[in-house]
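Come along while I look things up one at a time.

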Amino acid sequence: MEKEQNNLMETIISLAKRRGFVYQGSEVYGGLAGTWDYGPLGVALKNNIKNLWWKKFVDSREDMYGIDAAILMNSAVWKASGHVDTFSDPLVECTKCHHRFRADQLEKAGICNDCGGKTGESRQFNMMFKTQIGAVEDSSATVYLRPETAQGMFVNFKNVVDSFHPKLPFGLAQIGKAFRNEITPRDFIFRVREFEQMEMEFFLRSEDWEKYFEYWRNEMLSWIEMIGIDMDKVHELEVEGADLAHYSKRTIDFEFDFPFGRSELYGLAYRTDFDLNNHKLFYQDEGTNTKIVPHVIEPSFGVDRTLLALLLSAYKEDGSGEEARPYLAFNPSVAPVICAVSPLLKNKPELRDYAHLIYRQLKDEFGRVMWDDNGNIGKRYRRQDEIGTPWCIVIDFDTLTDNSVTIRDRDTAKQERVKKEDIVDYIKDKMN
Ligand code: ATP
């Protein structure tokens, strides 16, 4: 049964909090707008997303170099990149209630979303967080928290070329935090002030940009499908004119049908030679012995938006009323818990001991394994369904004599008997 879209968002936010995926940032002090904390299941899901991304785009490729640059960078980087002058959003303030909005997010132009009062003139608001480095508070010591991971890769371009001598085309990849002082953070983890990005800068000869733009477009789609985001809800938007970022000649946004509307999930941008040129960096072509400034295609992925799109894509319910069964149909590769192990009864030491041995063995093999002996078995299944655990393994009295366990499948609720020594292969088989 399909949930109403608004209810779906509320359902996901409440499930995420109750079950330990995502908590409000600084909650015990009333929160801090635009920040969220990831709980044990959230961090597991996030790590799975990041590890799968790294495996697909860095480890399994021959032309990609991973880096991890500092979040604090010399302010000259942000001057050269154009962010100091142009990384801003139009800000308007209501003349009556003084609430502030992004001008392009007003429901009616010139009218306050909250009280219906008139909004004043729009002015540009730079979204970079500023802070001070060192003990002396003068302007020379201003630094910014990076608003994108991209610049960390551009400024390390020469370092990586000097260390590894890659031939064009090749890429740099990075996963890390980015910070933006968003005027109106909203929609749970969709628009936040502190978030994580997974980005690549793919350097190439200018004449090849169209070919590689198309190539990366397909790679991004293949990633979206691979991790289990609902492809029917993904749409490509060709970004035009004034909406193009200051550095881009062509951008495609991959949008997702979020319950609050169709919005950007990922971006793919042709950044030309804008960044390397501004940083006065170039590539020495050994073949022709000339200096060239490579052009760049940038596939950019938000970790938090990926996590939200995954929760929304995976949420399912079957049955109705008392029998309603909500579950998260995650792919096993991203599921925070791969399997849960339970003794049928909590207070039978022979079942517990046996179950514990299996639990230990599976934990050594898969890591993401949960012990669950609370309440009756039906309740345990429901709890595991709700957090998207693909398999529940139950040790019962028959196990003690036939050395087999029951494995129950999350999506079909079907159960199978599996020999103790075959459990690992059974799960590995299903994961592939
Ligand atoms: P938007 O138009 O939604 O503000 P953007 O076009 O400014 O996004 P990019 O600069 O292209 O976003 O950033 C790359 C990716 O980083 C986005 O596709 C998104 O996944 C993620 N991202 C950007 N801003 C935020 C944010 N405030 N909160 C969470 N994720 C974000």
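This is a predicted model: local features need pLDDT of at least 70, side-chain atom pairs count only at pLDDT 80 or more; totals for chains, interfaces and linings use all residues.

**Entry 1**

Next I looked up how the chain is divided. I found domain 1, made of 2-73 + 147-235 + 256-261 + 270-312, and domain 2, which covers 337-431. Six residues from domain 1 and six residues from domain 2 take part in the contact. I also looked up the spacing: 35 Å lies between the C-alpha centres of domain 1 and domain 2.

**Entry 2: the largest pocket**

I turned to the open spaces. For the largest pocket, I wrote down a volume of about 1,600 Å³. Its lining counts 50 residues, and Arg102, Arg180, Asp243, Asp253 and Glu264 are the ones closest to the centre.

Which element supplies the largest share of that lining? I found that β14 does, with nine residues. I then listed the elements that supply at least two residues each; among them are the helices α4 (83-86) and α9 (303-314), and the strands β5 (88-93), β11 (194-204) and β14 (261-272). Sorting the lining of the largest pocket by class, I got 18 nonpolar, 12 polar and 20 charged residues.

**Entry 3: the second largest pocket**

The second largest pocket has a volume of about 260 Å³. Its lining includes Asn48, Asn51, Leu52, Lys55 and Lys56, and also Met226, Ser333 and Arg368. Lys428, Met431 and Asn432 are on my list for this pocket too.

I checked where these residues come from. Both α2 (40-59) and α13 (423-431) supply at least two residues of this lining, and α2 gives the most, with five residues. Domain 1 and domain 2 each provide at least three residues to the lining of the second largest pocket. By class, I sorted this lining into three nonpolar, four polar and four charged residues.

**Entry 4: Thr95**

Now for single residues. I found Thr95 in the loop between β5 and β6 (100-102). Is Thr95 buried or exposed? Its relative accessibility is 52%, so I put Thr95 down as exposed, the cut-off being over 50%.

I then looked for partners of Thr95 beyond its neighbours within four places in sequence, and found contacts with Lys118, Thr119 and Gly120. Lys118 sits 23 residues away along the chain, yet the C-alpha atoms of Thr95 and Lys118 are separated by 5.9 Å. I also noted that a polar atom of the Thr95 side chain lies 2.7 Å from the backbone oxygen of Lys118.

**Entry 5: Asp373**

My last stop was Asp373, in the loop between β21 (369-371) and α11 (377-387).

What does the side chain of Asp373 make a polar contact with? One partner is the side chain of Arg352, at 2.7 Å. Another is the side chain of Trp371, at 3.2 Å. Leaving out residues up to four places away in sequence, I found that Asp373 touches Pro343, Lys346, Arg352 and Arg380.

Terms used. Residues are numbered from 1 along each chain as its sequence is written. Side-chain values use heavy atoms; hydrogens and water are left out. On a 1 Å grid over the protein atoms alone, a cavity is a set of points where a 1.4 Å probe fits but cannot get out, and a pocket is an open set with protein on both sides within 12 Å along at least five of seven lines; lining residues have an atom within 4 Å of a point. Grid points are joined across faces, edges and corners, and a volume is the space filled by probe spheres set on the points. Helices (H or I, at least four residues) and strands (E, at least two) are DSSP runs, numbered from the N terminus. Ala, Val, Leu, Ile, Met, Phe, Trp, Tyr, Cys and Pro count as nonpolar, Asp, Glu, Lys and Arg as charged, and the others, Gly among them, as polar. Domain bounds come from an automatic or database domain assignment. Buried means under 20% relative accessible area, exposed over 50%, partly exposed in between (1.4 Å probe, protein chains only). Contact means heavy atoms within 4.5 Å. A polar contact is a pair of N or O atoms within 3.5 Å; within protein, one must be able to donate a hydrogen and the other to accept it, and residues adjacent in sequence count only if both atoms are side-chain atoms.
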